[in-house]
Protein chains: 2
Amino acid sequence: MSSTIKVLLAEDQSMVREALAALLGLEDDIEVVAQVARGDEVLAAARANDVDVALLDIEMPGCTGIEAAAQLHKALPAVRLVVLTTFGRPGYLRSAMEAGADAFLVKDAPAAQLAEAVRKVLAGERVIDPTLAAAALAEGANPLTDREREVLRAAADGSTNAELATALHLSQGTVRNYLSTAIQKLAVRNRAEAVRIAREKGWL
Amino acid sequence: MSSTIKVLLAEDQSMVREALAALLGLEDDIEVVAQVARGDEVLAAARANDVDVALLDIEMPGCTGIEAAAQLHKALPAVRLVVLTTFGRPGYLRSAMEAGADAFLVKDAPAAQLAEAVRKVLAGERVIDPTLAAAALAEGANPLTDREREVLRAAADGSTNAELATALHLSQGTVRNYLSTAIQKLAVRNRAEAVRIAREKGWL
DNA sequence: TCCTGCTCATGACATCTGTCATGCGGCTCT
DNA sequence: AGAGCCGCATGACAGATGTCATGAGCAGGA
């Protein structure tokens with residue numbers, strides 16, 4: 001009999017994290033050897049525990065699960081990466097794959113898929129929801145430039161042009177130009193809608 | 001020895017729901033007898049299963065856990081209600097309590113509190129995070145009128161005044177007036193900030 | 001080298017938003 | 001009955017926002 005699969009679990013909500021650990025604990029061949037609540041603690045915990053698979057939530061303080069995945073992929077390429085998220089945003093899937101993820105799961109998939117994904121990635125397989133993959137491909141890449149994205153992200157909390165200008169060290173006119181082009185690229189009417197759909201697509 | 005505590009679990013994300021079920025399943029005295037993924041399925045499931053405690057997530061399709069709590073409280077007052085949420089918004093706590101909840105838990109509390117809360121509410125106790133309770137009291141009640149809230153909610157997706165006016169069967173001027181008073185009550189600069197703040201406080 | 005795209009800027013313009021004063025009718029509480 | 005709040009409306013005004021034309025400097029690719 002082979003030894004158990006060692007899993008690192010990264011998820012900021014304690015209750016969910018421990019519940020997932022309980023779920024995985026029911027499997028004979030899987031052992032959760034480390035749990036962290038922040039993205040920026042993932043790498044150290046992985047190093048300290050010699051893990052086989054890292055299970056990473058995207059929405060975390062410190063840094064996102066996607067950033068953590070990129071770090072892990074670079075520093076410990078042998079560790080398999082399963083990215084887990086609440087939101088099945090195509091842009092997230094794309095970023096996760098670019099960061100070296102082996103599997104991408106949404107939290108409203110059946111729980112059984114979790115343990116299954118852990119086993120599959122260890123066997124060298126990739127696990128991706130086909131619907132989501134199709135959506136990610138159909139939608140194309142993020143059309144926004146770095147600056148446009150930055151300005152849009154900064155505008156998301158309702159800041160005015162003047163505040164954005166000082167915060168980003170730009171002129172007010174430039175801020176308006178960036179927002180205007182972003183609005184046109186996203187085919188919407190105003191910044192609020194632009195923020196909303198950029199978020200939905202995972203482009204923010 | 002007394003019989004086990006029968007729990008209904010309502011949470012839309014399958015993976016989280018089943019993980020929580022696994023967690024509760026580890027307790028000898030607790031049994032998850034029903035699981036639902038929608039708010040509007042809660043009442044029927046509770047009726048069908050003679051449950052002792054209902055564990056309700058707030059963010060659910062169909063209807064919110066708070067609305068489901070209100071229905072349960074009215075139809076089956078013997079069922080104890082534990083409201084569970086991702087967001088520790090004071091306004092949520094307030095609404096949950098008004099709906100008859102016995103406990104209010106946030107998902108980033110330790111997992112052990114879940115089973116503990118189930119036992120406590122069955123014993124007639126109330127379980128509320130003191131910090132959150134203080135925040136809810138300090139913040140005061142929702143200052144927005146029904147109409148203001150409705151307009152603000154409709155404005156949240158970036159709709160323009162004209163769209164809001166037709167959608168709500170109001171004149172554009174009236175829409176602007178409601179948004180203006182909401183903006184002033186929330187002490188912010190524009191509708192986007194108003195939406196953000198109202199959301200954070202759980203007033204939307 | 002030329003072309004293209006990104007960043008940053010300005011000015012002018014039309015439209016949208018937010019504010020304010022004011023008014024009316026309805027409801028509730030005292 | 002009167003006071004006070006709410007819902008709804010209008011008109012006028014200032015300021016914010018979105019669009020467009022235009023141009024500079026700087027990179028990278030053909």
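What distance separates the centres of domain 1 of chain A and domain 2 of chain A, taken over C-alpha atoms? It comes to 31 Å. The model is a predicted one, with local features needing pLDDT of at least 70 and side-chain atom pairs pLDDT 80 or more, while totals for chains, interfaces and linings use all residues. Residues are numbered from 1 along each chain as written, chains are lettered from A, and side-chain values rest on heavy atoms, leaving out hydrogens and water.

Chain A splits into domain 1 (5–137) and domain 2 (146–201), bounds that come from an automatic or database domain assignment. Both domains give residues to the lining of the second largest pocket, so this pocket lies between them. A pocket here is an open set of points on a 1 Å grid over the protein atoms alone, where a 1.4 Å probe fits, with protein on both sides within 12 Å along at least five of seven lines; lining residues have an atom within 4 Å of a point. Its volume, the space filled by probe spheres set on points joined across faces, edges and corners, is about 610 Å³. Of the 19 lining residues, Tyr92(A), Ser95(A), Gly202(A), Trp203(A) and Leu204(A) sit closest to the centre. Helices are DSSP runs (H or I, at least four residues) numbered from the N terminus, and α4(A) supplies the largest share of the lining, five residues. By class, the lining has six nonpolar, five polar and eight charged residues, with Asp, Glu, Lys and Arg counted as charged, Ala, Val, Leu, Ile, Met, Phe, Trp, Tyr, Cys and Pro as nonpolar, and the others, Gly among them, as polar.

Terms used
Helix = DSSP H or I, 4+ residues; strand = E, 2+ residues; numbered from the N terminus.
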